[in-house]
Amino acid sequence: MNANPGLHASLSGPLNGRTLVSNALQNLAVARRAGQPKGIYSVCSAHPWVLEAAIDQALEDGSDLLIEATSNQVNHLGGYTGMLPADFRRLVAGIATSKGFDESRLILGGDHLGPNPWQREPALDAMREAKRMVEGYVRAGFQKIHLDASMACGDDHGAISGETVARRAAELCAAAEQGSGEQKPLYVIGTEVPVPGGATESLSELAVTSRADAAETLEVHRRVFKEAGLAHVWPRVIALVVQPGVEFNHDSVVDYDPARAVHLTELLKDEDQLVYEAHSTDYQRPEAYRNLVRDGFAILKVGPALTFAMREALAALSLIEADLVEPGRCARLMDVLDRVMTEDRRHWEHHYTGDERAVRLLRRYSYSDRVRYYWNHPQVKEAVEKLMANLQQTAIPETLLSAYLPEEYRAVRAGKLQPDAHSMIIHRIRQVLRDYASACGAQV
């Protein structure tokens with residue numbers, strides 16, 4: 001459970017001192033042009049169990065693995081995880097090394113890198129921090145950089161123009177280039193609507209990015225990069241973020257409809273070097289991922305669905321604990337978690353509305369999974385550790401697995417899974433990843 005990167009291998013510079021870089025991202029457009037579309041999923045989480053599950057999945061598939069940190073999670077000031085980019089890299093690399101994962105197949109990315117964490121500040125100040133952050137990511141060896149300056153800053157007086165977005169993205173790109181060494185980063189531009197992390201409003205009118213808007217985003221960025229002396233960088237712009245019509249809010253999901261995104265697929269015929277990056281693909285049905293990859297959305301971002309699955313496993317294990325352990329010794333994890341979230345409302349109070357019963361249900365069960373911000377809280381970590389220790393000291397009967405974790409029960413009965421708490425948590429997370437892996441070309 002402990003996310004302290006100091007517990008893992010302490011690395012500096014390229015992983016293990018070598019510069020080994022996967023070509024998986026550059027090959028996505030090549031595969032699309034050849035009529036054999038391939039995809040890669042991007043794991044957006046800093047939780048060690050999610051990272052472990054992702055590495056286990058990639059090991060089983062023999063695939064490359066893309067793991068990304070967001071500007072709010074990890075930045076040069078620590079982010080909400082308390083990690084600098086180099087710390088996040090050490091965390092991931094340590095887990096990968098401990099499992100024998102080939103470092104040349106590990107790709108690290110930075111998501112929504114821009115002024116977002118400082119958007120209440122004047123643009124000059126927000127961009128200064130954003131450039132420091134981007135440079136920190138690149139210096140730490142992150143290979144994939146999403147340049148996102150789409151949000152208005154404190155003195156912008158409303159939404160900003162596409163020209164301003166592009167000029168700020170070029171500033172960020174210049175900072176990244178300055179911070180990079182021999183191995184230059186790859187870039188993603190553009191942003192999705194609604195905002196990152198899941199929508200809070202109704203999704204009934206979710207709009208797919210128009211062909212005109214996508215084409216204009218590319219044209220403006222291409223021109224501004226050239227004007228900023230960054231024309232040589234443009235061939236390393238590998239993807240554009242658009243809204244293909246997938247999103248989720250607290251209790252509903254908008255499913256991908258290929259017919260609504262045909263115009264975006266057609267646009268890629270004029271952009272040989274590019275694919276699309278699709279955000280908020282969490283909770284889609286398995287066929288949607290296959291269709292997205294087929295239609296040019298070759299990079300599929302997933303985050304909340306993974307910690308949502310982890311929370312489901314922990315909640316089920318808490319019920320098992322209540323049946324097996326004396327009441328006075330129980331960790332009562334879900335009660336602790338709800339108490340902590342009630343006392344510290346900053347990560348959810350602006351997202352969840354309604355009466356107390358409705359808000360209580362959202363705190364625990366919402367698709368947006370604001371629970372993920374609390375796993376590092378000392379009281380929650382202590383409760384998780386106590387739960388795991390309690391369950392380690394007693395065998396979990398198959399009949400309880402059947403009642404509370406039926407999919408894991410079937411895997412245990414089939415001899416594919418050990419009946420311990422840790423293994424079942426990892427299995428639950430991998431159930432989400434398997435759908436992505438299958439769609440992206442892995443034989444799962």
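Predicted model: local features only at pLDDT ≥ 70, side-chain atom pairs only at ≥ 80, totals over all residues.
**Stop 1**

Start by selecting residues 186–190, which form strand E5. Is this strand mostly covered or open? It is mostly covered, since 5 of its 5 residues are buried.

To find one place where they line up, click on His146, which stands opposite Val188 in E5.

Next, bring in strand E6, residues 237–242. E6 also runs parallel to E5, and 4 bridges join the two. Keep Val188 highlighted here: its bridge partner in E6 is Ala239.

Before moving on, show helix H5, residues 162–179.

**Stop 2: helix H12**

Select residues 378–392, the 15 residues of helix H12. How far apart should its ends be? At 1.5 Å a residue, the helix should span 21 Å, and its end C-alpha atoms are 21 Å apart, so the two agree. You can check this with your viewer's distance tool.

Now colour the buried residues of H12: Val380, Lys381, Ala383, Val384, Leu387, Met388, Asn390 and Leu391. Which helices do they pack against? Show helix H2 (48–61), helix H9 (304–324), helix H10 (333–343) and helix H15 (421–439), and you have the answer.

**Stop 3: Arg363**

Move to helix H11, residues 356–365, and pick out Arg363. Is Arg363 buried or exposed? Its relative accessible area is 2%, so Arg363 counts as buried, the cut-off being under 20%.

Show the side chain of Asp338 as well, and look for the polar contact of 3.0 Å that joins it to the side chain of Arg363. Beyond residues up to four places away in sequence, Arg363 touches Asp338, Met341, Thr342, Trp348, Tyr352, Glu356 and Val371.

**Stop 4: Asp272**

Finish in the loop between helix H7 (262–267) and strand E9 (275–278), where you will find Asp272. Asp272 has a relative accessible area of 46%, so this residue is partly exposed.

What does Asp272 touch? Leaving aside neighbours within four places in sequence, Asp272 is in contact with Ala29, Arg32 and Arg33.

Key
Residues numbered from 1 in each chain as written. Heavy atoms only, no water. Expected span 1.5 Å × (residues − 1). Buried < 20%, exposed > 50% of the residue type's maximum accessible area, 1.4 Å probe, protein only. Contact = heavy atoms within 4.5 Å. Polar contact = N/O pair within 3.5 Å; in protein donor to acceptor, adjacent residues only side chain to side chain. Pairing = 2+ DSSP bridges. Right-handed = clockwise from strand over helix to strand, strands pointing away.
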